[in-house]
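User: Could you take a close look at the salt bridges here and walk me through them? I would like the cut-offs spelled out along the way.

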Amino acid sequence: MLWYRQAPGGAWEERVLGEDLVAPAHATALDIDGDDDLDVVVSVLGNLMPDDGVIGRVVLLENDGDAFKARILLDDVRRVADVQGGDLDGDGDVDLAVAVFGYSHGQILWLENDGSGRFREHELLASAGTIHVPLADYDGDGDLDIAAVVSQNDEEVWGFENLGGGAFEAHRLYYTTNFDIGTAGLAQTDLDGDGDPDLLLPVGDNMEDIYSYPQPYHGCLWLENKGGWKFETKRIATFGGTYAAGAGDLDADGDQDVVLVSMVNEWDRPENASIVWLENDGSEQFRTWQIDESPTHLITVACGDLDADGRADIVAGGCYTLGPLARVGRVTAWMSGSGSKRAEPRD
């Protein structure tokens, strides 16, 4: 597990935070022990390739000020793809929502913090292929709920309504009969600026076939929160091999734009985009612009202001398990307004 830290003057330093983590899938920074510094909770797959073994872990890298000390919070599960933290039972400490992807078997769990650094697991759903579990107050009642995307067998999005006291009620928010759609993740943002959390659903995971090609159903869906646990599905982009989505105000006009990256595309065509952004016109209309065609095989993306200029920048990471591998990159940043971001319409 690596930490990229920006030094005075703008240079970036790479530091190892945790070792002996086999195929870490996601890292979440949060103050899990209440000592006013950020710790890191790591989702460990245990194997990048399909595997139904009990090899997953949730690992805490506890910040002691000078170093990060590793401690296992959960290790009796299949491959873990995501962990998010928040006070889920209203007792004032940080609990965890866990996406156990597995392969043929998986789960969605929430881990109850007992206040002494130990966690008790509760199952919310038994289903393989959970990728992300973003937390937010989806129903506006003042507590944290859980959303989850299940990709392996059913291609569904679920919401788990927090009823208080550690109880949750499940709501299916999205499903499709296209089992080849390849749901690839789930990101929470308020895309229409109405004050409630929406969801972005990237679709286009086609890693099962090394000769996969872009499909007309690949791209990004917006699950607009209409209240009462009703979400309206809207397609906002078509983009081959879409594997991740992020949101941020890239053009500094006051609304949320969207960034998409492609994992498996027709990379033998050098003009094919690996990363695009969707310009939000403020009226729920989005125009797709190409940012770059290199590096390829991008698997994750996030937006944030890296240079303190008031505009969101972009960071993406690659994963190289399928060919061709001519244009590779570990971690790449695109700075908004720097001139390095090449915008071309993609209609």
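**Salt bridges and their surroundings**

Asp 114 is partly exposed, at 44% relative accessible area (buried is under 20%, exposed over 50%, and partly exposed in between, with a 1.4 Å probe and protein chains only). Its salt-bridge partner is Arg 118, with 3.4 Å between the closest N and O atoms; the term stands for a side-chain nitrogen of Lys or Arg within 4 Å of a carboxyl oxygen of Asp or Glu. Arg 118 itself counts as exposed, at 59% relative accessibility.

Before going on, a word on the basis: this is a predicted model, where local features need pLDDT of at least 70 and side-chain atom pairs count only at pLDDT 80 or more, while totals for chains, interfaces and linings use all residues. Residues are numbered from 1 along each chain as its sequence is written, and side-chain values use heavy atoms, leaving out hydrogens and water.

In total, the structure holds ten salt bridges. One of them joins the side chains of Glu 14 and Arg 330, at 3.4 Å from N to O. This pair links distant parts of the chain, 316 residues apart: Glu 14 sits in strand E2 (residues 12-16), and Arg 330 in the loop between strand E24 (313-318) and strand E25 (331-334). Strands here are DSSP runs of at least two residues, numbered from the N terminus. Glu 14 is partly exposed at 43% relative accessibility, whereas Arg 330, at 55%, is exposed.

Another salt bridge brings together Arg 269 and Glu 266, at 3.8 Å from N to O. Arg 269 is partly exposed, its relative accessible area being 39%. Elsewhere, salt bridges with shared partners tie Glu 224, Lys 226, Glu 232, Lys 234 and Glu 284 into one network.

Notes. Helix = DSSP H or I, 4+ residues; strand = E, 2+ residues; numbered from the N terminus.
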